[in-house]
Amino acid sequence: MDITKDKLLEKLEFFSNFKFNKNYNDLTKEEKFVAITDSIMALTSKDWTDQLGKKARQRKAYYFSAEFLIGRSLGNNLLNLGIYDLVNSILEEKGDRIKDIENEEEDAALGNGGLGRLAACFLESAASQGFNLDGYGIRYSEGLFKQFFKDGFQAEEGDDWSSFYNPWSKRIVSDEKIIKFKNQTVKACPYDMPIFGYKNGQINRLRLWQAEAVNEFDFNRFNNFDYDGAVREKNEAEDLTRVLYPNDERREGKLLRIKQQYFFVSASLQDIVSNYKKNFDDKEFKHFHEYVSIQLNDTHPVIGIPELIRILLDEEKISFEDSFNIARKIFNFTNHTILREAMEVWSVDLIDETSPRVLEIIQMIEQRLVEELYNKGFKEEEINFLRIVKDDSIHMANLAIFVSNKVNGVAELHTNILKNETLKDWYGAYPYKFTNKTNGVTQRRWLIYSNMELSDFIDRKLGSNEWREDFSKIKELEKFAEDEPSIREFLEIRKKKKIELTEIIKETTGIDVDPNSIFDVQVKRLHEYKRQLLNALHIVYLYHRLKEDKNFISEKRTFIFGAKAAPAYFRAKAVIKFINEIARVINNDKDIDGKIKVVFLENFRVSLGEKIYPACDFSEQISTAGKEASGTGNMKFMMNGAITIGTYDGANVEIFEKAGEENNIRFGKTVEELMEIKPNYDPYKIYQEDIYIKNALDSLMSGEFKDNESYMFLDIYNSLLKSEGGDRADRYFVLEDFESYRKAQEKISEVYKDEMRFGKMCLLNIANSAYFSSDRTIREYAEEIWKLESHN
Ligand code: Z15
């Protein structure tokens with residue numbers, strides 16, 4: 001791939017004329033964005049086509065995911081194609097700033113949070129390392145809702161992300177598939193996005209399916225004045241892929257959701273099977289598993305297992321036995337959570353409503369499960385516990401584990417909990433299936449692209465930019481941990497990124513924050529187990545102390561939040577209102593001399609994260625031990641040098657292990673300790689015995705903070721102190737860990753005061769972040785699960 005300045009200039013002019021009947025220089029910024037992206041697509045399309053042809057007969061893995069949280073693509077694609085600087089200089093000559101053009105791009109937010117962003121990082125890392133990994137998913141018309149605050153309450157609006165123009169995908173009409181539901185037949189139309197590897201010429205593919213009507217328009221109905229009826233089929237078909245369900249880690253037992261899942265896996269499997277038939281002469285599918293490996297991202301695509309068996313059995317006339325054995329070689333399953341409320345269980349009725357034949361096949365699989373366990377010597381109760389079909393519902397995780405070749409968790413601690421607690425009976429039956437694959441994030445987006453200043457610093461220090469591809473080399477930064485001039489230079493860069501964030505905060509919230517203050521950041525989905533409430537109550541505590549004595553803390557603090565709550569998650573929305581209230585009261589209180597400021601940024605998303613991670617001093621990773629499967633934000637912060645203040649949970653454990661506990665701040669009870677406390681846990685006692693905790697909690701009820709009669713604060717208060725509906729009070733041990741968190745927070749001031757020590761700790765976190773590159777994760781999947789070779 002050889003993209004030169006001349007070729008680019010020529011294409012820019014061409015697309016300006018072709019698309020807009022204007023010269024490039026007369027385009028609006030938005031049109032310029034389109035002309036640039038179209039030029040990139042045009043200049044790479046020959047290579048892409050050639051590679052699709054070449055790869056058609058190679059072994060591939062396919063990542064099946066209901067979510068791909070891509071964010072913006074322009075900056076990252078330019079970076080990976082090795083033409084970021086070239087395009088930057090062309091635009092500068094024309095009087096434009098590349099960042100302004102980048103800001104024209106809408107985020108492609110086809111995912112909720114960690115799980116969807118992980119899928120996007122994985123595709124990028126696979127392409128960058130020359131592994132044949134393609135993505136399959138859903139092209140939602142409406143991505144994750146946009147969040148804004150109204151009187152401090154979360155409000156939502158739609159995210160019509162592709163309405164202006166989505167330049168990165170090609171609609172491939174000739175690859176359309178037909179999807180048959182019990183009471184509906186629709187067309188699945190593929191939209192293909194290129195995934196560019198980092199400076200290696202590799203282009204992989206993400207194929208997203210959009211639902212369309214087989215017959216768009218019923219002419220006879222129209223003639224009979226039935227105008228709605230004339231387009232009913234079109235609307236009903238398009239409803240299927242209209243919107244992403246906005247729940248992260250909450251299940252939704254809705255027919256439309258299971259239909260979405262069946263829709264995209266059926267289309268993807270038909271695609272894989274028909275390509276196999278086109279490229280190989282193997283009517284019995286004897287070698288199918290030598291070319292195909294499928295990763296199921298959580299239970300969302302698990303209905304693909306019976307669907308593949310259906311296709312092989314009913315359409316390709318392979319026996320059930322053989323079809324089942326093929327499925328067992330091909331599928332692998334990743335579990336991302338142990339939260340009960342996230343485990344997908346579908347009623348038999350809903351599966352039947354979706355596809356009666358798939359239900360029959362699930363029952364056949366169930367039969368096999370029972371036989372196999374019986375032959376292994378399992379007793380009836382043990383078998384019943386592991387059944388796929390129980391009390392008229394289908395347990396998708398059980399189906400996935402039984403049929404999959406490999407089953408993995410997403411961090412060491414998480415995988416151990418799966419093996420020893422959540423899935424211990426499965427582990428007993430099939431120990432060889434279980435494996436850990438600790439998550440990672442791509443350093444190209446999360447460090448090289450979003451923190452160019454720091455990346456240039458690393459190049460200079462290491463005297464090479466090889467670390468950009470081989471991230472293990474980042475370790476060499478350790479040499480500079482004791483070097484005062486290097487640390488000073490490093491701290492200057494950190495300061496610059498903080499000033500940039502300060503400007504964004506001012507623009508979007510109107511709040512003035514001091515870039516010299518400590519930036520303490522918690523950005524992630526809002527969920528009780530992530531305990532934004534612990535952070536909030538601690539801020540209230542600090543505020544109360546400062547009211548008594550404004551010198552209670554020496555260092556100025558800025559607490560920064562970003563979080564979307566699922567629209568129907570009342571308690572999560574209550575926490576958002578609470579933090580917004582805290583911010584309003586504290587930021588306007590003259591008594592405390594601006595010692596602390598609280599900022600809740602609206603609409604946290606990938607492109608905002610890119611500006612936040614590089615500007616953070618302390619990364620809040622404070623989930624209840626055992627509840628956060630891995631976390632990936634923690635890794636983005638670490639790569640940019642933030643110090644983790646965190647519990648012993650998810651991948652935090654491995655962060656502490658790699659970067660050293662002395663370079664981070666660990667607090668809170670461990671999983672084992674919480675298990676012991678659980679039976680006799682009494683948060684009310686803690687509340688009564690500590691006046692500061694009591695005051696912080698009482699601020700919810702006293703009118704110090706106001707919830708506009710929504711009863712939201714009462715709900716939070718009750719959740720901490722009252723058991724209700726079978727749930728213990730304070731299910732997530734906020735009060736239990738409060739004291740330990742308070743001490744950890746004190747340590748923050750202490751660490752920050754000593755600049756050199758602080759800078760050294762930050763630098764050592766970066767130097768030890770190699771393990772958290774998704775390049776490492778993908779290599780493990782490729783070698784141990786997918787059996788892929790690198791084509792680099
Ligand atoms: C989601 O974002 C995650 C798990 C889920 O089961 C669902 Cl439905 C959504 C997250 C985990 O909470 C997080 O700990 C993990 O890092 C991430 O998946 C990627 O594995």
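This is a predicted model: local features need pLDDT of at least 70, side-chain atom pairs count only at pLDDT 80 or more; totals for chains, interfaces and linings use all residues.
Strands of a sheet pair through backbone hydrogen bonds, and the pairing can be parallel or antiparallel. In this model, an open sheet has 3 strands in the order β13-β15-β14, and the pairing is antiparallel. The order in the sheet puts β15 between β13 and β14. The edge strands are therefore β13, residues 345–347, and β14, residues 389–390, since each pairs on one side only.

Now look at one of these pairings. Strand β15 covers residues 393–395 and is joined to β14 over 2 bridges, in the antiparallel sense. Across this pairing, V389 stands opposite I394 of β15.

One of its members, D349, belongs to helix α14, which spans residues 348–354. Is D349 buried or exposed? The relative accessible area of D349 is 61%, and the cut-off for exposed is over 50%, so D349 counts as exposed.

The other patch is nonpolar. It is made of F217, F219, F222, F225 and Y227, which together have about 580 Å² of accessible area on the surface. Where does F225 lie? F225 is in the loop between helix α7, residues 219–223, and helix α8, residues 227–230. F225 is exposed because its relative accessible area is 64%, above the same cut-off of 50%.

How values were computed. Residues are numbered from 1 along each chain as its sequence is written. Side-chain values use heavy atoms; hydrogens and water are left out. Helices (H or I, at least four residues) and strands (E, at least two) are DSSP runs, numbered from the N terminus. Patches are made of residues with over 30% relative accessible area and no salt bridge: like charges are joined within 9 Å, nonpolar side chains (Val, Leu, Ile, Met, Phe, Trp, Tyr) within 5 Å. Accessible areas come from the Shrake-Rupley method with a 1.4 Å probe; for residues, only the protein chains shown count as cover. A salt bridge is a side-chain nitrogen of Lys or Arg within 4 Å of a carboxyl oxygen of Asp or Glu. Buried means under 20% relative accessible area, exposed over 50%, partly exposed in between (1.4 Å probe, protein chains only).
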